[in-house]
Every structure is written in structure tokens, then in C-alpha cells.
Amino acid sequence: MSSFGWYLKRLQTMTPSEVAWRARDTVRDAIDRWRLSSGAYPRVPEGAAGKASSAPPFRVTSVPVGAWIGAAGEPIDTWRTALLAAADELLEHRFSFFDLDRRHLGDPIDWNRDHSSGVAAPMSFAPWIDYRDAKTAGDAKVVWEPSRHQHLVVLGRAYRATGDLRYAREVVAQINSWLDQSPFGRGMNWRSPLEFGIRLINWVWALDLIHEAGVLDDRTAARIREAVYLHLLEITRKYSRASSANNHLIGEAAGVFVGTAYFDDLPGAGAWHAGSREIIEREIFAQTYDDGGTREQATGYHLFSLQFFLVAGAVARKLGSDFPDAWWQRVEKMFEFVAGLVEGGSLPMIGDADDGYVLDLGARGTDPYSLLPVGAALFERADFARLGGSGEW
């Protein structure tokens with residue numbers, strides 16, 4: 001638990017309006033706890049549950065199922081070998097992240113545990129869990145990382161590449177087990193809106209990648225839609241503000257933008273989508289300087305925020321409602337800033353960092369050399385291509 005001195009210093013940085021906002025949040029959480037204990041929490045209205053066969057509003061890829069079955073030669077052979085090796089590990093529930101190497105997380109996966117220390121995270125009312133208290137809650141980052149569900153995209157990509165239904169079925173099985181173990185409003189996985197946003201993005205990508213597999217039944221589709229609705233509701237009620245409005249706000253808005261674009265017929269989706277778009281359009285200028293550097297002045301969070309903007313931008317283009325030219329020009333500036341930092345060697349570690357990334361599309365976004373080819377393709381920049389790596393994104 002953080003010391004009294006930490007809370008006092010944090011309080012001294014807040015404006016009176018932020019103090020009032022946080023006080024209102026405290027009252028809201030108390031009311032929510034009472035509602036949750038009485039079973040009166042929100043649900044998707046009857047008739048809005050949807051069907052597994054519903055056509056997606058957009059597709060995350062144009063790659064046909066089984067595209068790599070008969071393909072041969074480099075670089076496809078290398079990509080396929082690496083992808084299937086990673087996906088096969090996930091079929092066995094073996095994960096590698098932070099200090100864990102091929103760690104078996106259980107069968108089914110234990111989604112509410114710090115698998116590094118072995119501490120089981122509490123399943124009490126989520127907003128009142130002190131996630132900074134590692135003795136009782138475990139290391140929050142280690143608990144949250146598997147539940148970001150970035151690895152489901154790896155499984156989805158493996159299905160897309162090969163047509164092997166094992167990978168598609170595993171995506172559905174893991175989402176089901178997560179829903180079984182993560183009741184709304186309880187436990188660490190309902191503690192942070194940023195985590196909700198990242199999870200939504202990865203659910204959309206993974207589910208769309210396996211859409212043709214036909215492994216999602218109506219019951220599971222309804223469970224997922226209800227969970228998506230609750231994720232969207234919680235983020236939009238709890239957007240980060242004031243001194244907390246940094247990369248968290250960008251990630252939260254990106255999650256809502258992507259989630260409402262894909263599940264566009266959920267109640268409230270239209271208004272939530274418009275609101276998240278407004279935040280994304282505003283925050284790229286509010287949180288970066290004219291040279292493209294982030295105001296957090298942390299290279300790790302620069303890459304993290306850039307990925308959220310790229311995902312949102314890609315979805316906007318899929319929807320035929322692109323962001324303004326000035327917005328994309330600032331994205332290009334963010335790439336220029338990265339290019340400038342790596343021009344003379346490796347990316348310098350400036351400021352805070354937590355190895356956060358958004359999607360696993362063959363290279364995690366913590367590596368600037370794998371991210372720069374995206375900028376090269378988007379903006380036809382030979383200098384980005386020269387500095388970039390294999391371009392596995």
C-alpha cells in the first residue's frame with residue numbers, strides 16, 4: 001500500500017476541480033459496490049445479444065484463411081515457423097512475458113494470479129483493490145498481462161495462416177474461461193480502464209481473424225457481447241482525467257473506438273464511438289509537441305501511444321471515416337521523433353516504461369525497428385524503411 005506521504009504529494013499536484021472529480025468517483029464507487037452486491041448491475045438489453053453468424057462491420061485483414069499452407073520461400077518460411085512455434089506454446093498454456101519463460105499458467109489458465117510470485121489476486125470489489133499492494137494483490141502488471149489477451153491475436157493469426165481449427169477453438173476456449181473467472185466488477189481484471197481498452201482491441205482482432213472458422217456458438221457470442229458492453233460502459237464512465245489523462249486516456253479511447261466500431265449495434269455504441277473519436281482527435285495534439293515527441297517525455301510511452309493511434313487510424317479507414325489530414329501529419333511526426341532517436345543507435349531509455357504494447361502482429365511494439373516500417377508504408381518514407389527492421393507488422 002502506498003504511504004500517506006505519497007498520497008499527500010499526489011493531492012498537492014491536483015487542482016480543486018480534480019479533487020472534486022475524484023471525490024465524486026469515490027461516491028460513485030460506493031454506490032456501484034452496493035448495486036453489484038444486490039445484483040443490480042447493467043446488462044445488455046434483451047434482444048441485443050446478437051448471433052455468432054452476424055457479419056462483421058469491418059475486417060482486420062484481407063489475408064484469406066490458409067494463405068500460408070502452400071506458400072514457400074523466404075520470408076514466409078521464417079514467419080510461419082516463428083508464428084506456429086508461438087501459437088503451439090499457447091495451445092499448451094505456456095506464456096513468456098516479463099521474467100516468465102514458457103511458464104504454464106494452468107489448465108484452465110488461472111487469470112487471477114501473479115504467476116511470478118504465485119500470489120492469488122483478490123476477487124473483491126475491483127475499484128477498492130489496492131493494486132499497489134503486491135503482498136495481497138500480487139504485481140498488478142504480472143496479473144494484468146495475460147488478461148490483455150494479446151496472445152489471442154497470435155492464435156488468430158496462426159488459424160488465418162494455416163486454417164487449423166485448433167487455434168481458433170483455443171481463442172474461444174480461453175475467452176470463455178476468462179469470462180468464467182472474471183465476474184463483472186470483481187477482481188484485478190476489472191480494476192483498470194486501460195486494461196479494458198487493450199483487451200477490447202485484442203478481442204476484436206482475434207475474433208475477426210477466426211470469424212470464418214465457425215467455432216463461436218450463439219451462447220458464447222452472447223457472453224462476449226455482454227462483456228464487451230460492460231467494458232465499454234465502464235471505460236466511458238471512468239475515462240482518465242486531469243493528472244491521470246496521459247497514455248491511459250489514449251488507450252481507453254482507442255479501446256472504445258475499436259470496440260464500438262466492431263460491435264456497432266450495442267446499445268449506446270453510436271454515442272460512445274463519437275465520444276471516443278473526439279478524444280483521439282484531441283489528445284494526439286494535447287499529448288504531443290509539434291516535433292512529435294510525447295509530453296510524458298518517456299520513450300516507452302511514446303511507442304505505446306503511437307500504437308493506439310495507429311490502431312484507431314486503421315479502423316477509421318476501414319469504416320470509411322478517416323481522421324483529418326492534420327491528425328495523420330502528427331502521427332508522421334511521432335514516427336519522425338522515433339527515427340531521430342534511433343538514427344545513431346538503439347532507442348534511449350528516457351522516462352518511465354512498462355514494456356506495454358497493443359497488438360502482437362509478429363513484432364511487439366516495444367521494438368522501434370519493427371514499428372518504423374509501418375510508418376514507411378503509411379507515409380512512403382524511405383528514411384523510415386532504412387532505419388526499420390524486418391517489418392513483420
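Predicted model: local features only at pLDDT ≥ 70, side-chain atom pairs only at ≥ 80, totals over all residues.
**Cores**

The largest nonpolar core has 102 residues. Those with the most contacts inside it are Ile 201, Trp 203, Trp 205, Phe 308, Val 331 and Phe 335. A second, separate core has 7 residues, among them Ala 121, Ala 140, Trp 144 and Met 188.

**Trp 203 and helix α8**

Trp 203 is buried, at 0% relative accessibility. Beyond its neighbours within four places in sequence, Trp 203 is in contact with His 149, Leu 152, Ile 175, Trp 178, Leu 179, Ala 227, Val 228 and His 231. Its helix is α8, residues 193-209. In α8, 17 of the 17 residues are buried, so the helix is largely enclosed by the rest of the structure. The end C-alpha atoms of α8 are 25 Å apart, which agrees with the 24 Å that its 17 residues should span at 1.5 Å a residue.

**Aromatic pairs**

The count comes to 19 aromatic pairs.

| Pair | Centre to centre | Angle between planes |
|---|---|---|
| Trp 178 and Trp 203 | 5.7 Å | 85° |
| Phe 335 and Phe 379 | 6.1 Å | 65° |

Trp 178 lies in helix α7 (residues 165-181) and Trp 203 in α8, so their pair ties together parts that are 25 residues apart in sequence. Trp 178 is buried, with a relative accessible area of 0%.

Phe 335 and Phe 379 are both buried.

Ring pairs also build a cluster. It links Phe 257, Phe 309, Phe 323, Trp 327, Trp 328, Phe 335, Phe 379 and Phe 384. Arg 317 lies over the face of Trp 328, 4.0 Å from the ring centre. The charged end of Arg 381 sits over the ring of Phe 384, 4.3 Å from its centre.

**Helix α13**

With 18 residues, α13 reaches 26 Å from its first C-alpha to its last, close to the 26 Å expected at 1.5 Å a residue. Its buried residues include Trp 327, Trp 328, Val 331, Met 334, Phe 335 and Val 338. Arg 330 and Glu 332 are buried in α13 too. The cover over the buried residues of α13 includes α11 (269-286), α12 (299-319), α14 and α15 (382-387).

**Backbone exceptions**

Most residues other than glycine have a negative phi, and most peptide bonds are trans. Several sites here depart from that pattern.

The peptide bond from Glu 74 to Pro 75 is cis, with omega near 5°. Pro 75 lies in the loop between α2 (16-37) and α3 (76-91). Asp 107 and Pro 108 are also joined by a cis peptide bond, with omega about 5°. Pro 108 belongs to the loop between β2 (100-104) and α4 (134-137). Pro 108 counts as exposed, at 52% relative accessibility. Leaving aside neighbours within four places in sequence, Pro 108 is in contact with His 93, Ser 177 and Gln 181. The C-alpha atoms of Pro 108 and Gln 181 are 9.9 Å apart, across 73 residues of chain.

His 93 has a positive phi, near 65°. This residue sits in the loop between α3 and β1 (94-97), and is buried at 9% relative accessibility. His 149 has a positive phi of about 65°. His 149 is in the loop between α5 (140-147) and α6 (150-162), and is buried at 0% relative accessibility.

Technical notes:
Residues numbered from 1 in each chain as written. Heavy atoms only, no water. Core = buried A, V, L, I, M, F, W, Y, C linked by side-chain atoms within 4.5 Å. Buried < 20%, exposed > 50% of the residue type's maximum accessible area, 1.4 Å probe, protein only. Contact = heavy atoms within 4.5 Å. Phe/Tyr/Trp six-rings, centres within 6.5 Å; stacked < 30°, edge-to-face > 60°. Helix = DSSP H or I, 4+ residues; strand = E, 2+ residues; numbered from the N terminus. Lys NZ or Arg CZ within 6 Å of the ring centre and 35° of its normal. Expected span 1.5 Å × (residues − 1).
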